[in-house]
Amino acid sequence: MLKQISSVQQLIDIATQKDVPISQLILEYEQYVSDTNAETVLNHTRHILKTMYSAIEEGIHSKERSHTGLSGGDAYLYDKKGSLLEGVAAKALVNAIAASETNGRMGKIAACPTAGASGVTPGALFATADKLGKTHEDLVYPLLTASGIGVVINHRAFLAGALGGCQAEVGSAAAMTAGAIVELAGGSPRQVGQAAALAMKNLLGLPCDPVAGLVEVPCVKRNGMGALVALAAADLALAGVESTIPVDEVIDTMAKIGKDMPIGLKETATGGLAITPTALSLTEKILGS
Ligand code: SF4
């Protein structure tokens with residue numbers, strides 16, 4: 001039984017050697033760390049998926065703005081309009097925005113890895129399931145794989161915008177999701193790692209700069225874009241495209257960039273988009289300061 005996870009490569013090596021998907025290792029790991037049995041872990045994962053799906057459903061059918069008025073209604077708008085992306089990409093985009101808008105309205109979401117980045121995984125995963133004709137039950141094991149990648153990121157870097165910028169939230173979510181999509185589509189453990197690397201590499205350096213310190217702007221739309229990155233990374237990995245920089249080195253790089261990042265770009269709302277003239281005027285209107 002796997003008791004400690006320190007790298008994605010470790011997961012790839014063990015899974016390949018045992019000829020099992022990465023999710024099987026994570027199922028064992030979760031049983032160990034939570035001191036429980038497989039059925040409890042699987043049921044908990046099913047519950048998380050159900051919450052994720054409800055967040056999408058709630059978001060996609062609502063035109064309502066959030067309490068602050070900063071977000072809401074964009075998923076509804078996009079869903080009603082014909083899309084250039086049409087198909088799985090459009091669905092991933094709208095799903096992710098919908099779930100994230102539910103978060104903006106203080107609705108119920110499943111943090112993955114955080115509330116701010118809670119749209120990426122449901123967005124891309126449920127869209128891929130539709131495309132591949134998979135059921136929600138088929139997403140249980142891939143979601144465990146996503147969580148395993150998250151465990152590694154948490155171990156080697158961080159999962160909070162306050163510590164590492166948005167690369168640690170939406171970047172991590174995209175890496176976790178890309179790996180999960182690959183497993184869902186029948187890819188190998190090595191391809192899971194490649195997808196995670198490709199996704200995270202392309203979101204490195206992303207600052208956490210929420211307007212008025214609220215998880216709405218730019219967060220909601222960033223979740224949509226993060227879902228597209230995850231989808232594209234998974235698609236490339238499934239085709240055999242590999243990241244020149246190995247996944248664990250990409251995660252270590254995210255940690256280093258996060259440490260080097262100025263404090264103004266780490267959820268303090270004192271840098272980036274949060275201090276644009278428009279953002280400052282909105283902040284004054286909302287917070288009265
Ligand atoms: S900008 Fe900051 S608060 Fe918003 S999703 Fe990214 S990390 Fe989270």
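These entries record what I looked up on a helix pair, a nonpolar core and one arginine.

**Basis.** I worked from a predicted model, in which local features need pLDDT of at least 70, side-chain atom pairs count only at pLDDT 80 or more, and totals for chains, interfaces and linings use all residues. Residues are numbered from 1 along each chain as its sequence is written.

**Helix pair.** I looked up α5 (residues 88–104) and α6 (residues 120–132), whose axes come within 7 Å and cross at roughly 145°. Helices here are DSSP runs (H or I, at least four residues), numbered from the N terminus. Axes are lines fitted to C-alpha atoms over the stretch in contact, with angles from 0 to 180 degrees between N-to-C directions. I then listed the contacts (C-beta atoms, placed from the backbone, within 7 Å). On the α5 side I noted Val 88, Lys 91, Ala 92, Asn 95, Ala 96 and Ala 99; their partners in α6 include Phe 126 and Asp 130. The contact residues divide into nine nonpolar, three polar and three charged.

**Core.** I found 89 residues in the largest nonpolar core, and Ala 230 is among those with the most contacts inside it. Such a core is a set of buried Ala, Val, Leu, Ile, Met, Phe, Trp, Tyr and Cys residues joined through C-beta atoms within 7 Å. Helix α9 (residues 170–184) gives the most to this core, with ten residues. Leaving aside neighbours within four places in sequence, Ala 230 contacts Val 120 and Ala 124, among others.

**Arg 190.** I placed Arg 190 in helix α10 (residues 189–201). Arg 190 counts as partly exposed because it has 17 C-beta neighbours inside 10 Å; 20 or more would be buried, and 12 or fewer exposed. Not counting residues up to four places away in sequence, Arg 190 touches Ile 12 and Thr 16.

Notes: Helices (H or I, at least four residues) and strands (E, at least two) are DSSP runs, numbered from the N terminus. Two residues are in contact if their C-beta atoms, placed from the backbone, lie within 7 Å. Ala, Val, Leu, Ile, Met, Phe, Trp, Tyr, Cys and Pro count as nonpolar, Asp, Glu, Lys and Arg as charged, and the others, Gly among them, as polar.
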